[in-house]
Amino acid sequence: MPEGPEIHRAADNLRKALEGQIITHAECPYTTIRGQEHRFLGQEVISVKARSKAMLIHIGDDILYSHNQLYGRWTIQKVTSKERKTNRSLRIKLQTESHVACLWSATDIELLEPWEIEQHPYIARLGPDVADQDLDIGPVLEQVQNPKFGGRQLCHLLLDQSFLAGVGNYLRSEILFNAGLDPTRRLKSLTSDEQALLAEAALSTTQLAYTQKGVTVDKDLYELLREQGMSRRQARHFVFTRDGLSCHQCEGLITHTRLSGRRLDYCERCQV
Ligand SMILES: [Zn+2]
């Protein structure tokens, strides 16, 4: 499943193609929006935003809310390009003078009024979105210091979108490595220095993944490892999917485990 940085990059691409443009053609075959083409036709696309894993496209008076779940995907093509063949089911097609944007296979699609957004059940429970380029450290540190989350283990907490939105599975492993924290630690056991390290790592790791297209190690290190023949999967992260390989920091072996039902990789020596 795509994580925050991937959704934000998808939003950037949709924004480039649609924002400020007029919808010239629309198709809405999916049940929750069927027959609503008239609400898009002739309207301007005012903004495109990602909120955690949801996409919000403001068109005319409405906001098109979609959550991709596991299989949903947006594609964008120039009007002049040949239509790509796909087995996916079309959910919505939005066309401007120059581009065609299609959402495929998603099942969570709604048309909302702008005032309804903050009360939407998915949006309302989101914590600060660490993949959002405008977020600063303040709200992240506030969550880390919030006693409400104190009894939770870091490995479970980091996948909870009401704690920090935008973090998914590879980011969980990478954030804990960058913060130097053992995945089974409880939030309330952190010293104030460790709280600051966790907040900083959550924000900087996710933002780096956004700018480097999913790579969480330094670009120079990534390129060096690729030149040495390592696969993208083994070169792009510090610990995630690197079990059995040596840690870039201490040269100990990376350990693999499953927590919250999903893979987690970490360095026993660097994370305490
Ligand atoms: Zn290490």
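Trainee: Is Phe 238 buried or exposed, and why?
Mentor: Phe 238 counts as buried because its relative accessible area is 17%; buried means under 20% and exposed over 50%, with partly exposed in between (1.4 Å probe, protein chains only). Keep in mind that this is a predicted model, where local features need pLDDT of at least 70, side-chain atom pairs count only at pLDDT 80 or more, and totals for chains, interfaces and linings use all residues. Residues are numbered from 1 along each chain as its sequence is written, and side-chain values use heavy atoms, leaving out hydrogens and water.

Trainee: And Phe 177?
Mentor: Phe 177 is buried as well, since its relative accessible area is 3%. Phe 177 and Phe 238 make a stacked aromatic pair, 5.2 Å centre to centre with 25° between the planes. Rings of Phe, Tyr and Trp (its six-membered ring) pair if their centres lie within 6.5 Å; planes under 30 degrees apart are stacked, over 60 edge-to-face, and the rest tilted.

Trainee: Switching to the metal, which residues are the protein donors of the zinc ion?
Mentor: Cys 247, Cys 250, Cys 267 and Cys 270 each give their SG, 2.2 to 2.4 Å from the zinc ion. Donors are N, O and S atoms within 2.8 Å of the metal (3.2 Å for Na, K and Ca); water is not among the atoms, so sites may look incomplete.

Trainee: What spacing do the donors follow along the chain?
Mentor: The zinc donors run C-x2-C-x16-C-x2-C.

Trainee: Why does Cys 267 count as buried?
Mentor: Because its relative accessibility is 1%.
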